[in-house]
Amino acid sequence: MLRRPFLERIEPYGTPENPLPEGVWPFTLPAVRHCDRIRFSNGVTFLAGENGSGKSTLLEAIAVRWGLNAEGGSRHTTFETARTHSVLDDHLRVHKNPLRPASDGWFLRAESFYNVASYEATLPG
């Protein structure tokens, strides 16, 4: 039996002071432009789409909003080789499951796994 996910849903949002930008990346990506809400009701979620459709950008924004390093790793992974993540996380509401609080997490991205593994190898213990 799969338990309920840690993350219930995400929603892009804008405010009068910080409106959703129009016509600029990443807000032109199909995964972002056509998203008003994504609900996570199962233990596993698959994002499928063509290259360049915004899957990785969306996952990265969720990770940053969750408090994880944009380049990968846990909350305690604090290195940054370059600020490359988008501003999408500034316009994303992340609704966590109150019945499954998470004290930590891990964001694994193929593009930077070597950097994360190298950083983790330098830590004591």
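Visitor: Which backbone nitrogen does the side chain of Ser86 reach?
Guide: In this predicted model, local features need pLDDT of at least 70, side-chain atom pairs count only at pLDDT 80 or more, and totals for chains, interfaces and linings use all residues. Residues are numbered from 1 along each chain as its sequence is written, and side-chain values use heavy atoms, with hydrogens and water left out. A polar contact is a pair of N or O atoms within 3.5 Å; within protein, one must be able to donate a hydrogen and the other to accept it, and residues adjacent in sequence count only if both atoms are side-chain atoms. At 3.1 Å, the side chain of Ser86 reaches the backbone nitrogen of Leu88.

Visitor: Is Ser86 buried or exposed?
Guide: Ser86 is placed in the loop between helix H2 (55–66) and strand S3 (92–96). Buried means under 20% relative accessible area, exposed over 50%, and partly exposed in between (1.4 Å probe, protein chains only). Because its relative accessibility is 5%, Ser86 counts as buried.

Visitor: Which residues is Ser86 in contact with, leaving aside its neighbours within four places in sequence?
Guide: Contact means heavy atoms within 4.5 Å. With those neighbours left aside, the residues in contact with Ser86 are Trp25, Pro26, Thr57 and Glu60.

Visitor: Why does Glu71 count as buried?
Guide: Glu71 is also found in the loop between H2 and S3. Glu71 counts as buried because its relative accessibility is 7%.

Visitor: How far apart in space are Glu71 and Lys55?
Guide: In sequence, Glu71 and Lys55 are 16 residues apart. From C-alpha to C-alpha, their separation in space is 15 Å.

Key:
Helices (H or I, at least four residues) and strands (E, at least two) are DSSP runs, numbered from the N terminus.
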